[in-house]
Amino acid sequence: MGSDCLFCRIVAGEIPATVVRETATTLAFRDIGPKAPVHVLVIPKEHYADVATLAQGDPALAGEVLATAAAVAEDEGLLGDGFRLMFNTGAYGGQEVFHVHAHLLGGAPLGPMLARDLA
């Protein structure tokens, strides 16, 4: 991806991030605007626009993203009380950065999945 992708630039080391775990294919770093006591973004180093594109294009890499998220959850002490792993996809899904990323949230009760009833 070009230099306009924020997360590609983080992977390249052009933009600093607080990295909590790195593998050969994934990177996990703290969100700069956390929505929970623990809020870590987990991304593949290779650029995919969203989780559907990643799952279709490289299912093994999608599994590596999930494995990294599970390892971070364990490192952060979230396995006992639980955590939320969320992928926002597309405009209706609330995606803001179009490089697939999982939000790993925990460390406190997170409340309902949606802020309002959409029915």
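User: Which residue in β5 does leucine 41 stand opposite?
Analyst: In this predicted model, β3 covers residues 38-44, and β5 covers residues 102-106. These two strands pair in the antiparallel sense over five bridges. The residue in β5 that stands opposite leucine 41 is histidine 103.

User: In what order do the five strands form the open sheet?
Analyst: The edge strands are β1 (19-22) and β4 (83-87), each of which pairs on one side only. The pairing in the sheet is antiparallel. Neighbouring strands are turned by 20° against each other on average, direction ignored. The order is β1-β2-β3-β5-β4.

User: At about what angle to β3 does helix α3 run?
Analyst: Helix α3 spans residues 59-75. This helix lies across β1, β2, β3, β4 and β5. Its angle to β3 is about 155°.

User: Is glutamate 74 buried or exposed?
Analyst: Glutamate 74 is found in helix α3. Exposed means over 50% relative accessible area. The value for glutamate 74 is 53%, so this residue is exposed.

User: How far away is the side chain of opposite charge nearest to aspartate 50?
Analyst: Aspartate 50 is found in the loop between β3 and α2 (51-57). Not counting residues up to four places away in sequence, aspartate 50 touches Thr89, Gln95 and Val100. Aspartate 50 is buried yet has no salt bridge. The nearest side chain of opposite charge belongs to arginine 84, at a distance of 20 Å.

Terms used. Residues are numbered from 1 along each chain as its sequence is written. This is a predicted model: local features need pLDDT of at least 70, side-chain atom pairs count only at pLDDT 80 or more; totals for chains, interfaces and linings use all residues. Side-chain values use heavy atoms; hydrogens and water are left out. Helices (H or I, at least four residues) and strands (E, at least two) are DSSP runs, numbered from the N terminus. Buried means under 20% relative accessible area, exposed over 50%, partly exposed in between (1.4 Å probe, protein chains only). Lys and Arg count as positive and Asp and Glu as negative; His and the chain ends are not counted. A salt bridge is a side-chain nitrogen of Lys or Arg within 4 Å of a carboxyl oxygen of Asp or Glu. Contact means heavy atoms within 4.5 Å. Two strands pair if DSSP finds at least two bridges between them. Axes are lines fitted to C-alpha atoms, for helices over the stretch in contact, and angles run from 0 to 180 degrees between N-to-C directions.
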